[in-house]
Every structure is written in C-alpha cells, then in structure tokens.
Number of protein chains: 2
Amino acid sequence: MTSSFQESLSEESQFYVEILENMYHSNHIVNIPSGEKVSLSKSYLWLVVRGVIKIQTLTLDGELSILGLVSRDEVFGQPLSISNPYEAYALGNCDLLPISLIEIEQNPTLSISIFNALRKTYQQTEMLLSIKAIRGMEDRIKSLFLFLAERYGRDYKDGIVIDIRLTHQEIANLLTTTRVTVTRIMSGLKESKFLILERSKYVLKKHSTI
Amino acid sequence: MTSSFQESLSEESQFYVEILENMYHSNHIVNIPSGEKVSLSKSYLWLVVRGVIKIQTLTLDGELSILGLVSRDEVFGQPLSISNPYEAYALGNCDLLPISLIEIEQNPTLSISIFNALRKTYQQTEMLLSIKAIRGMEDRIKSLFLFLAERYGRDYKDGIVIDIRLTHQEIANLLTTTRVTVTRIMSGLKESKFLILERSKYVLKKHSTI
C-alpha cells in the first residue's frame, strides 16, 4: 500500500502545480482559519495551497462521516460531489485558490493542471476506501496512521511526526466506528509504542507496519 | 443522496463524451468479455464506453475489497491509483478506449473531456465511501441498491431493474462484510419486497427508501 504513494507525487505533477500557482497572484488566495467552514459553489473548485481540508457528510443513519482529507495540490468542491450534505472545514490554517469550471474549460494548461490535482484527490479517496475495507478495527486505525505518516509525516527524532491533528471523534468518523472504540484502541497503540503523543501531535515509530 | 445524482450527468459532460468518442475510430475500442481481467499500464487510462468495470484490491488482512464500479463515460487505470494490488475486471461485456497520459497532456480538448470523466469516477467513489459510512448493515445494503438503481436502473413494470449483476460475495467485498451476512440480509429484503429477483436481475420497488 505504501511504496507507490511517493511515486505518484512525481516531478511532472509538481510542474503543473507550479503553473497553477503562478497563474494566480497571491492576493487571490483565500485564507481559512482552523476549524472554519469553507463556502462552496456549483461553479468552482478549490485548490489547496496549504493545510488540510476535511470533507464531511451525514449518513442516512444521521452519523457524521469524513469523506476525504484534501491537502496541498489537491482539489475539492461541490462540482466533484454528489454527496448531500457536502461540507468542508479547515483542519488547521489553510490557504485555498478558487478555480472556476469555466476557466478550466477555457484554459488548456489549467485543465491539465486541475486534471492532475483531481488525480491526487482521487488517489487519497480510493486509499480511504481501501483502509475502510479492513475488518479489524485495530488494523484499520494502524493503517490510517501509516497512511497519514506517509502523506503528512516528517522525520522527527527516531520517528515520524504527523502534521495533522485529528480528534478521536474525527478518526471514528473517518473509519466508521465510535469514539469510544477509537479511544480504547489508541490507548493500546500508545502502550505498545506504535504511536506516541508529543506536544499534541502523533509520532509514529519509524518502520512501523501492521 | 439520490436527488443530485441525475443532475451531475449534465448535457455539458455528455458533450465532452461525444468529443472523446469521435476522436477515436471504433476500431480502437477494446472489447473485454464478462469476467475477464483488464490489462493495466502506468502510461494510460481506460475510458468505459459500455459496461461496468469492477476495481479491486486486497486489504492488509487479505480480504478482497471492491474499490469502484466504473461505468460509461468514466475512467480508471493505474495512473489514478496508489492501491497495490489494483486489478480491474469486466462485470458483463465491456467496451473500453485506451487513452495515454501523453495524449491527455498534449491535447487540450481531450484533457477537459478526461477531467470530466474523472469527476464522474470520483463522484461514484465518494458515494461508495459514503455508503460504507452507514453503520447498520441492512441500511448499508439498501443504500447500495438505491445507488445502483439510480446509476444502472431502468423502468420495468412497477419497479426499477438493475442492469448489473453482483454476487453476494461481491456485495460483501463492496461493503466490508461477509457473504453470509449479505445472504441473510438479502433474504429479508426479498421477503419484505424491497427487492425481487427476476431472470437473475434485481428489481427494486419504485419509490423505495431507507
């Protein structure tokens, strides 16, 4: 699951991201403070320049469900979704670029860049589906942290610190379980030193596997 | 969940699909017979012209998991995925168009069309995630059938016949449960006339809801 992820962040797609960012002056970038809701429209997408956006919906049984964690160089927005409700919140401070569908259709360079950004969004959504397919909840939570470490991790002492804060409730909403179950399993993962908490950030032991 | 789905199949995206299909002569279309595996490559995507493709992977606990049901005007392929393994099989007879990444980057009209095709693929994947977020397995199975009816259904007597055949094992692999559980719940859904089986196709009662 993990080896191919880095490959997908190819130099080629980096090139298109630079095109995207150069096309816009920095004063078009919208800052969304931590915890705030992002306003959405049927006529434009948001490109994440900095930070992580949490996409959520309500299930038919009334539970909150997180459908995606969209980060740098990825897109989200109403035009991508058929979920109802479809809501986006900033997890930490975020910078976003609005990109209208009309612009995408009129500007070939932009359309290729956005195609690549959507490929990345799709990949993380597919990976969440794959993690949700794991039956055992402890393995599901471990897989989530391995995935987060790969996406948002950076070396820190003899571990990998994860630069995204998720509450136990958010982990439960991501993995279709209860907060109580997450808290119980997370305690075990801390005891076994799979994860430690340092300055309210999770640190994963290096070379951890399931 | 259901009302917005039809809207997304806009006339506009239909226009781009026609562009795509006209760009290729029909002799480039590859026919994949029912049940056969589709060959994949890092350098091209497949556009589905006819039929439904099942995308599957193995979870860390060794279970088969279905990550997507990709149908007409949608794309799939190795370049979209970071799942490993990533395998594609035809559910029924399929016609597919290969589209190379190089072509997409060189041809603006193609890139917009493929962007729209990927939007549709993304929408169905997000919807599967949303269905998997439902805790109760009976409601999860009902939601799956409402979704399938909307995507693959056509009017038939006083119901909606679903033109895609899924075994109980495939439903289990889609929803992260066991075949035994699916069989038990499906028997109940047939008894309550939520679903009937006619000539080995599922027929959903019209105006069914959860």
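This is a short tour of a predicted model, going from one selection to the next.

Residues are numbered from 1 along each chain as its sequence is written, chains are lettered from A in the order in which they are written, and side-chain values use heavy atoms, with hydrogens and water left out. Because the model is predicted, local features need pLDDT of at least 70 and side-chain atom pairs count only at pLDDT 80 or more, while totals for chains, interfaces and linings use all residues.

Begin by selecting chain A, which holds 7 helices and 9 strands, where helices (H or I, at least four residues) and strands (E, at least two) are DSSP runs numbered from the N terminus. Of its 210 residues, 56% count as buried, a word that here means under 20% relative accessible area, with exposed meaning over 50% and partly exposed in between (1.4 Å probe, protein chains only). Among the contacts in chain A between residues at least 6 apart in sequence, 71% join residues at least 24 apart, contact meaning heavy atoms within 4.5 Å.

Next, select A:Phe145, which at 1% relative accessibility counts as buried. Leaving out residues up to four places away in sequence, A:Phe145 touches A:Ile162, A:Ile171, A:Met186, A:Phe194, A:Leu195, A:Tyr202 and A:Leu204.

Now look at the aromatic rings, where Phe, Tyr and Trp (its six-membered ring) pair if their centres lie within 6.5 Å, with planes under 30 degrees apart counted as stacked, over 60 as edge-to-face and the rest as tilted. By this rule there are 4 aromatic pairs over all chains. In one of them, the rings of A:Phe145 and A:Tyr202 have centres 5.0 Å apart and planes at 70°, so the pair is edge-to-face. A:Phe145 lies in helix α5 of chain A and A:Tyr202 in strand β9 (residues 201-205) of chain A, so the pair ties together parts that are 57 residues apart in sequence. A:Tyr202 is buried, at 7% relative accessibility.

Stay on helix α5 (residues 137-152) of chain A and select A:Asp139, which is found in this helix. A:Asp139 is partly exposed, with a relative accessible area of 25%, and, leaving aside neighbours within four places in sequence, A:Asp139 is in contact with A:Ile134 and A:Ile210.

Move on to helix α6 (residues 168-175) of chain A, where 7 of the 8 residues are buried; among them are A:His168, A:Glu170 and A:Ile171. After α6(A) comes A:Thr176, whose phi is positive, near 60°.

Finally, turn to chain B, and show helix α5 (residues 137-152) and helix α7 (residues 179-191), whose axes come within 10 Å and cross at roughly 70°. Axes are lines fitted to C-alpha atoms, for helices over the stretch in contact, and angles run from 0 to 180 degrees between N-to-C directions. α5(B) is therefore roughly perpendicular to α7(B), since angles of 65 to 115 degrees count as roughly perpendicular, under 35 as roughly parallel, over 145 as roughly antiparallel and the rest as oblique. Residues making the contact include B:Ile141 and B:Phe145 of α5(B) and B:Ile185 and B:Leu189 of α7(B).
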